Amino acid sequence: MFLARRLVLAHFWVAFVAFLGALVLGAWQMYIRSPLATWFNNPEHYYRSVTAHGTVMAYVLPTLVAMGFGYAVSELALKRPLIGLRWAWAGFWLVIAGTALAAVTMAVGKASVLYTFYPPMLASPFYYLGVVLVVVGSWVWVALMSVNLRAWKKEHPGEAVPLAMFGNVAGAYLWAWTSLGAAIEVLVLILPASLGLTDTINAGLARVFFSWTLHAIVYFWLMPTYIVFYTLVPRAIGGRLYSDTMGRVAFVLFLVFSMPIGIHHLFADPQVGAGFKFVHAAMTAMVSVPTLLTVFTIVASVEIAGRLRGGQGLFAWVKVLPWDRPMMLAVAFSFIMLGFGGAGGIINMSYQLNETVHNTQWVTGHFHLIFAGAIVLMYFMAAYELWPQLTGARPSERLVKIQVWLWFVGMMVLSLPWHLVGLLGMPRRMAYYDYTHPDIHPQAWTVTVSALGGFVLLASGILLVWTLARARRGPPGAPVPAFTFSRAAHPGAHTPAALNGFGLWVAMMIGLTVVNYGYPIAQLAVLKEAYVPVIPIGSR
């Protein structure tokens, strides 16, 4: 029996309702800064909206999805009741309380610092306290995932941890260490200044601590998506997983390589030395390895599905794939967006090429393709796959396919023009552009197209919530089919001990982080020139 059903449902519903609200804000932002609208001459409202949009999308949505999906994976993959159900509910309510506290603070204009909240701009302390509660609630999930895995391993000595749970716990450990950077920044540096205990702040040190979290958080967002890739996609399209071992390798490599790379976000920051910028640029290239392994493994798994359906020849198997199934469409669209976004990421990670696109709309297009495109699309599929287990009702395949198509088309229309104008130098995070200026007027059409893409995405988000809410129940008394994960092409293969636990990989993660961040943090901590006067937001 799925005892955590209500818990998982609560996480998904709050996540997707908050997500829909953030989509409304995003579409509004695109509209009012485009030639379609007359500028209302209040940039504060624009930045207030951007802060709320980014906070929900970066912290609330992925945290709740990872937690809810993680609890579901724990019960379904380990086939045992979730240990610590009351603690899990406590963690959920901490996230809700933190979200509400931050939302109210943003709504009244006391926290328009964007979701990166770089000093010296400071929001009300209530905003930061809200973010802290969200993180603390998520740490409850981290602890419970570790406890449940340990209990299962005691009952099944020597057995291979199910791949879905292995990826789930890898994501939990990654998040625990990833979130520590921003937690230190907020608790040690930002909150004392925000509370008025000091009128200066070490801005350079704060940005380095936030960079600890800033890029690694992307791989926390990504973990549920990769669990879907490896453990749900092959089964959903009638195939087999090409390699269980390859999946484990990808998950542990994310632990090792996703942490010590965040300073590539500070290439333009003069307080960080060029040597460590280069080191982080080189390490950023390494994090592409688990993604390339995943692309190979999942494409091979998809080919197996095509061969099992009678596909012959070098590429004829592509034609016979189940393109009428939502999951087949979703994984194809996700890989396309991952390809475009990943290609842009190669530019961003380059110490030299990054200067061309730094702080332009190119960056906005890049992370929207990766996160809002490739990653969030598979969040939808995780919910659709779990919905019969959670509610006894099955979403309409026709509506799911329409929603998936709308999301893909909307994201491509939204983000590709951003790449173009980013190369032309259009800055991001600007509330207003004067499209009558002769240098900007030729770019006006790109902003209009992106705004239209934003409204397509909003339509897709509305359809997502509608489809989940209106899912159809089967005949009264009809049993819900048992939930299954993908089977490996070679079941029963030996799992190396190093890929059945996390001790080695967590030690490497911590060690590389200390090596890549230790000296910059120590240097900036004693650099008096790094201290600057704080700028309270909303105090005027």
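Colleague: Which residue forms a salt bridge with D244?

Modeller: R248 does, with the closest N and O atoms 2.6 Å apart. A salt bridge here is a side-chain nitrogen of Lys or Arg within 4 Å of a carboxyl oxygen of Asp or Glu. This is a predicted model: local features need pLDDT of at least 70, side-chain atom pairs count only at pLDDT 80 or more, and totals for chains, interfaces and linings use all residues. Residues are numbered from 1 along each chain as its sequence is written, and side-chain values use heavy atoms, with hydrogens and water left out.

Colleague: Where do D244 and R248 lie?

Modeller: Both sit in helix α9, four residues apart, about one turn of the helix. Helices (H or I, at least four residues) and strands (E, at least two) are DSSP runs, numbered from the N terminus.

Colleague: Is R248 buried or exposed?

Modeller: Buried means under 20% relative accessible area, exposed over 50%, partly exposed in between (1.4 Å probe, protein chains only). R248 is buried at 2%. D244 is partly exposed at 22%.

Colleague: How many salt bridges does the rule give?

Modeller: Six. One of them pairs R207 with D269, closest N and O atoms 2.7 Å apart. That pair links distant parts of the chain, 62 residues apart. R207 is in helix α6 (residues 203-214); D269 is in the loop between α9 (244-257) and α10 (274-286). Both residues, R207 and D269, are buried.

Colleague: What does R235 meet in a salt bridge?

Modeller: The side chain of E385, at 2.8 Å, N to O. R235 lies in helix α8 (residues 233-236) and E385 in helix α15 (residues 361-391), so the pair ties together parts 150 residues apart in sequence. R235 is partly exposed, at 26% relative accessibility.
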